[in-house]
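Have the sequence and the 3D view ready.

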Amino acid sequence: MEKLSIKKDWHKFFFKNSFYNPASPEAVKRAEKEVNFILKKSKIKKGAAVLDLCCGPGRHSLVFAEKGFKTTGVDFSKEYLREAENKAKAKKLSMLLIKKDMREINFKERFDLAVNLFTSFGYFIKKTDDLKTLKNLHKALKKGGKLFLDVINGDFIRKNYRHKHWEKIGKDYFLLEKTVLSKDKKTSLNEWTKIKNGKISSGKFFVRLYGKRDISEILNKAGFKILSFYGNFEGKKLSVDKNRLIVLAEKS
Ligand SMILES: C[S@@+](CC[C@H](N)C(=O)[O-])C[C@H]1O[C@@H](n2cnc3c(N)ncnc32)[C@H](O)[C@@H]1O
């Protein structure tokens with residue numbers, strides 16, 4: 001099988017508006033429902049402090065702010081943060097947006113709820129960087145604060161693995177996804193090739209494929225107590241046939 005290689009700082013190349021923007025119209029539409037689910041399950045009080053780590057163009061941050069939560073969004077991408085800021089201004093919403101690598105956040109007992117959504121975790125070649133991120137999140141939460149983590153379900157990917165997959169996204173828009181699993185099947189290297197209006201572009205990304213057991217282990221190591229698992233934002237049970245792995249955890 002074809003091999004793929006990737007740079008350690010691949011995220012600086014992949015997350016660019018010219019190639020990928022997480023705030024597609026369909027994804028923006030889903031955000032309110034996702035936030036409602038998070039609020040219902042985490043039971044945080046109105047007006048509480050929320051951290052959206054890896055907020056991107058602010059799909060969820062904007063909804064939290066609209067609902068009256070004290071919202072802070074963090075992302076390393078200036079481009080995405082600018083988009084979030086412009087949208088907040090247009091809606092006359094106030095939120096704090098900070099440009100920072102997720103490994104470097106340094107808040108202390110400031111938030112009631114932290115979220116990291118749409119597979120914004122598991123990006124680092126060194127697993128210790130994932131742990132560092134979770135320890136930072138743990139430190140950032142007040143005692144009893146909640147963490148909502150939403151990642152691709154590694155167990156689903158291992159079960160349904162396909163090396164190549166073509167998808168027609170819209171008129172004149174095709175996406176070829178190539179995935180190469182590591183020998184131990186715990187990580188994946190991915191290459192997306194887009195053909196849009198006759199133009200070809202490609203980008204690579206790395207994801208650590210957390211399943212229920214691995215995510216529990218690393219969350220516990222970072223000091224979190226797991227409260228619940230879900231397989232989607234409708235609250236369906238997590239299973240190997242669900243492609244999302246959603247965890248609600250608590251700083252105990
Ligand atoms: C799949 S997108 C999801 C964005 C947003 N959570 C959403 O649901 O729309 C992943 C986000 O992680 C951000 N990101 C990637 N690596 C990062 C890093 N090392 N530190 C901070 N943000 C990072 C990207 O800029 C991007 O906004």
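## The cysteines

Let's start with Cys55: its sulfur sits 7.9 Å from the closest cysteine sulfur, the one in Cys54, and that's too far for a bond.

Buried stands for under 20% relative accessible area, exposed for over 50%, and partly exposed for anything in between, using a 1.4 Å probe and protein chains only.

## What you're looking at

This is a predicted model, in which local features need pLDDT of at least 70 and side-chain atom pairs count only at pLDDT 80 or more, while totals for chains, interfaces and linings use all residues. Residues are numbered from 1 along each chain as its sequence is written, and side-chain values use heavy atoms, with hydrogens and water left out.

## Around the ligand

Which residues come nearest to the ligand? Of the 22 residues around it, the answer is Cys54, Arg59, Asp75, Met102 and Leu117; a residue counts as near if one of its heavy atoms lies within 4 Å. By class, the shell has 12 nonpolar, 6 polar and 4 charged residues. For that tally, Ala, Val, Leu, Ile, Met, Phe, Trp, Tyr, Cys and Pro count as nonpolar, Asp, Glu, Lys and Arg as charged, and the others, Gly among them, as polar.

Now for the N and O atoms. Asp75 puts a polar side-chain atom 2.6 Å from an oxygen atom of the ligand. A polar side-chain atom of Asp101 lies 3.2 Å from a ligand nitrogen, and a polar backbone atom of Phe76 is 3.3 Å from a nitrogen atom of the ligand. On its own the ligand has 590 Å² of accessible area, and the protein covers 99% of that; such areas come from the Shrake-Rupley method with a 1.4 Å probe, and for residues only the protein chains shown count as cover.

Strand S7 (residues 173-181) is largely enclosed by the rest of the structure, because 7 of its 9 residues are buried. Helices (H or I, at least four residues) and strands (E, at least two) are DSSP runs, numbered from the N terminus. Two strands pair if DSSP finds at least two bridges between them.

On one side, S7 runs antiparallel to strand S6 (residues 164-170), joined by 6 bridges, with Lys164 partnered by Lys178. S6 and S7 form a hairpin with 2 residues between them, and Asp172 in the turn has a positive phi of about 60°. S7 also pairs with strand S8 (residues 187-196), antiparallel over 9 bridges, and Val180 stands opposite Leu189 there. That hairpin has 5 residues between its strands, and Lys185 in the turn has a positive phi of about 60°.

Ala84 lies in helix H4 (residues 78-90) and counts as buried at 0% relative accessibility. Its C-alpha is 9.9 Å from that of His60, 24 residues apart along the chain.

Asp130, in helix H5 (residues 127-140), is buried at 0% as well. Its side chain makes a polar contact with the side chain of Tyr210 at 2.6 Å. A polar contact is a pair of N or O atoms within 3.5 Å; within protein, one must be able to donate a hydrogen and the other to accept it, and residues adjacent in sequence count only if both atoms are side-chain atoms.

Definitions and conventions
Disulfide = S-S within 2.5 Å.
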